[in-house]
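Please open the structure beside this note and check each point as you read. Take the points in order.

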There are 2 protein chains.
Amino acid sequence: MVTRREVAVLAGVSEATVSRVFNGLGPMKPETRDRVLQAAKELDYHPNAIAQSFARRRSGNLGVVLPYMPKVHLFSAYYFSEILSGIGEEVKEHGYDMLLTLLSPDEHIDYTHMHRSQKVDACVILGSQDTPEQRESLLQLHEQGFPFCLVNQHFEGMALHEVDADHVHGSLLAVRHLLEEGCRHVAFLNGSPLYSNSKDRHEGYRKAMQEAGLEISPSWLLEGNYSRKSGYEAADKLWELRHEVDAVFAANDRMAIGLIQGLRERGWIAGRDFAVVGCDDSDAAKLSDPPLTSISVPFYEMGRAAARSVLARVTGSEQEDGLVQLKLPTGLMVRQSSRRNS
Amino acid sequence: MVTRREVAVLAGVSEATVSRVFNGLGPMKPETRDRVLQAAKELDYHPNAIAQSFARRRSGNLGVVLPYMPKVHLFSAYYFSEILSGIGEEVKEHGYDMLLTLLSPDEHIDYTHMHRSQKVDACVILGSQDTPEQRESLLQLHEQGFPFCLVNQHFEGMALHEVDADHVHGSLLAVRHLLEEGCRHVAFLNGSPLYSNSKDRHEGYRKAMQEAGLEISPSWLLEGNYSRKSGYEAADKLWELRHEVDAVFAANDRMAIGLIQGLRERGWIAGRDFAVVGCDDSDAAKLSDPPLTSISVPFYEMGRAAARSVLARVTGSEQEDGLVQLKLPTGLMVRQSSRRNS
DNA sequence: TTGTAAGCGTTATCAT
DNA sequence: ATGATAACGCTTACAA
């Protein structure tokens, strides 16, 4: 590989000058600059990124931590795809690279390792859950002063940087919409409360029912694990409630679709016999039959915002704005599953 | 940050000894070893990965190149998610990290940059297309001796490392299955011929029809761009062929589903009035109505195999086995869309 | 405007 | 079994 030294020799300048040219630093004769560039071109020189990182004491990498997901292969969810794309777009603009870390099932979550090894300058954490173990890990990371940002997860009582979506409001919209469609008995298929967004949705659901002066029967509160299968299984329970329930709000599209499939097998058709709203407005919502009304969440923008905030702190490109706790707006995409014709 | 030096001082040994302990090199007194480990623990020392990379002249990173996809946010396809997961799993076992590169729309494809900058030791390239420009880029990469592996793409006439799936056979299975279901007039909704797998599927389709002694009408050959929308649009053309066609083989699930949706709007129901088989056996196939019969492709394993082959060359952990050109087996997942009851 | 030289934190090769 | 020491290719004061 061609090094700076060879370029310096060919251009008849010092190595430092070559560096200056490549970093656009200090004043310099255009002529020298050209000679260096010419020499570099001739030799096909490219600065060694690792050596640069080493000298700058900065890796130029943004870590992206992905949770372990059993069974389901890791990225299979729309959710992660969108967030990753957003992060990717943002890092590119900062001249950074994305270093992916897939968490293992067992390995006791040690967020601090990548920090310690200094292979990343900061990181964005996806899919974290609110467990004592993870709280502990994150607290450590934070105390060590390592810049990181959580996406789509909030830890109550901890002042961590995070980019979330307004799931409370989204759910409020969803349930209000169902009520406007004439439903009165709305069941709720939620996900694990280890995710703050599950709790947020629950709150939105409650609010909407409350403002309409409607009672919620405890039996209407179901829990799945965000998989299609869990939605399919929830159909059992919903079938038993068929005489007292006329709508379902599900915490993601996949569960909503599983539920629709399960109930269809019993002749109960979404968008006709009962209304359904899902969450995420993922691809699946458009593929489903009937097309699924869903809460849209700006995952792509969330990824971008998280990367931006964390890189700003690292590169000092923007002033420190203290704690970043964004909550991006959610919306409602109405399709046919939320109708009720019977 | 704690450096090796401080550990050496505290342990009362030389810096070299600290390195030896951490790299498990050479013979050494257990006692010295313990003293070093103890000191490291006390100081919470972790080797600086960048410095290691620099000294070893090896980044420890595997580059993963993702194509630019207009409109559709990058990872939104099942396809990439699976492959990425496979690569991720494999690199972890080699102590490597994944460095993601998202190609920009315009930037004239320069695969060689990441190589030149030496930020990755090798790479896996996803979603490449067979254009003169890309052939040129890849040829350059190859001539420079940079280790890389293509996934799910074959360049005829070029001896490049690649991990592909047996799309010809998969398509053969698909069409044979349709014929066994009693279909005789099978249309084919293919993707762009810039992807070798499109051409492979075409071949499998031809073979199957040929071995059954069936003619293929040129009007049955449709082309989409792998999006649901393009499948939906193809429904127009298929509708016109409704009296001469009784089945469709689509080159991916999303197009198949779009097609099914488009035809349903005209009252032509998949799995009843005509049969459909898709490709990829993605999540969408299970979400669709009716559930979609599809060709399964081991994307996860393909990612793994590609990463493995390329890392083997880098780390010398396995003997050089010359040109790696794998073709992993595909299968048929029968669901309800391929029935024909009318 | 350009050159000199001191790091950066390791690895790896010699000695001892 | 352990210690010196020369790389590694760059950034960045400081000097000139």
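This is a predicted model: local features need pLDDT of at least 70, side-chain atom pairs count only at pLDDT 80 or more; totals for chains, interfaces and linings use all residues.

1. The contact between the chains. Chain B and chain A meet through 49 residues from chain B and 49 residues from chain A. About 4,600 Å² is buried between chain B and chain A. Carbon and sulfur atoms give 57% of that area.

2. Side chains of opposite charge can pair when their charged atoms come close. Eight salt bridges are found across the interface of chain B and chain A. One to look at joins the side chains of A:Arg264 and B:Asp289, at 3.7 Å from N to O. There are also 22 residue pairs in polar contact between chain B and chain A, both residues at pLDDT 80 or more.

3. Where chain B touches chain A. Several elements of chain B each supply at least two residues to the side that touches chain A. They are α4 (49–56), α5 (78–93), β2 (97–102), α6 (112–116), α11 (253–264) and α12 (283–287). Which element gives the largest share? It is α5(B), with seven residues. By class, this side of chain B has 18 nonpolar, 17 polar and 14 charged residues.

4. Find strand β2 (residues 97–102) of chain A. It pairs with β2(B) in the antiparallel sense, over three bridges. A:Leu99 stands opposite B:Leu99 in β2(B).

5. Strand β8 of chain A. This strand covers residues 247–250. A:Ala247 and A:Phe249 point one way, while A:Val248 and A:Ala250 point the other way. Are these residues buried or exposed? All are buried.

6. Partners of β8(A). Strand β6 (residues 186–190) of chain A pairs with β8(A) in the parallel sense over four bridges. Strand β9 (residues 275–280) of chain A also pairs with β8(A) in the parallel sense, over three bridges. Follow A:Val248 to both partners. A:Ala187 stands opposite A:Val248. In β9(A), the bridge partner of A:Val248 is A:Val276.

7. Thr17 in each chain. A:Thr17 lies in helix α2 (residues 15–23) of chain A. Its relative accessibility is 15%, so A:Thr17 counts as buried. Leaving out residues up to four places away in sequence, A:Thr17 touches A:Thr32 and A:Val36. Now turn to chain B. B:Thr17 lies in helix α2 (residues 15–23) of chain B. B:Thr17 counts as buried because its relative accessibility is 16%. Beyond neighbours within four places in sequence, B:Thr17 is in contact with B:Thr32 and B:Val36.

8. B:Ser294. This residue lies in strand β10 (residues 293–296) of chain B. B:Ser294 has 0% relative accessibility, so it counts as buried. Not counting residues up to four places away in sequence, B:Ser294 touches several residues, among them B:Asp253, B:Cys279, B:Ala285 and B:Met333. B:Asp280 is 14 residues away along the chain, with the two C-alpha atoms separated by 6.4 Å. The side chain of B:Ser294 reaches the backbone nitrogen of B:Asp280 at 3.4 Å.

9. B:Tyr111. This residue sits in the loop between β2 and α6 of chain B. Why does B:Tyr111 count as buried? Its relative accessibility is 3%, and buried means under 20%. Its contacts beyond four places in sequence include B:Val65, B:Leu103, B:Ile125 and B:Leu141. The side chains of B:Tyr111 and B:Gln134 are joined by a polar contact of 2.9 Å.

10. A:Glu90 and its partners. The count over all chains is 34 salt bridges. A:Glu90 meets A:Arg304 in a salt bridge at 3.1 Å, N to O. A:Glu90 is in helix α5 (residues 78–93) and A:Arg304 in helix α13 (residues 299–315) of chain A, 214 residues apart. A:Glu90 counts as buried at 2% relative accessibility, and A:Arg304 counts as buried at 14%. A:Glu90 also meets A:Arg308 in a salt bridge, at 3.4 Å from N to O. A:Arg308 lies in helix α13 too, so this pair ties together parts that are 218 residues apart in sequence. A:Arg308 counts as partly exposed at 32% relative accessibility.

11. One more pair, then the network. The side chains of A:Arg272 and A:Asp273 meet in a salt bridge at 3.0 Å, N to O. A:Arg272 is partly exposed at 41% relative accessibility, whereas A:Asp273 is buried at 15%. Salt bridges that share partners join A:Glu90, A:Glu93, A:Arg304 and A:Arg308 into one network.

Technical notes:
Residues are numbered from 1 along each chain as its sequence is written. Chains are lettered from A and ligands numbered from 1 in the order in which they are written. Side-chain values use heavy atoms; hydrogens and water are left out. Contact means heavy atoms within 4.5 Å. Buried area is the accessible area (1.4 Å probe) that two parts lose on being put together, summed over both. A salt bridge is a side-chain nitrogen of Lys or Arg within 4 Å of a carboxyl oxygen of Asp or Glu. A polar contact is a pair of N or O atoms within 3.5 Å; within protein, one must be able to donate a hydrogen and the other to accept it, and residues adjacent in sequence count only if both atoms are side-chain atoms. Ala, Val, Leu, Ile, Met, Phe, Trp, Tyr, Cys and Pro count as nonpolar, Asp, Glu, Lys and Arg as charged, and the others, Gly among them, as polar. Two strands pair if DSSP finds at least two bridges between them. Buried means under 20% relative accessible area, exposed over 50%, partly exposed in between (1.4 Å probe, protein chains only).
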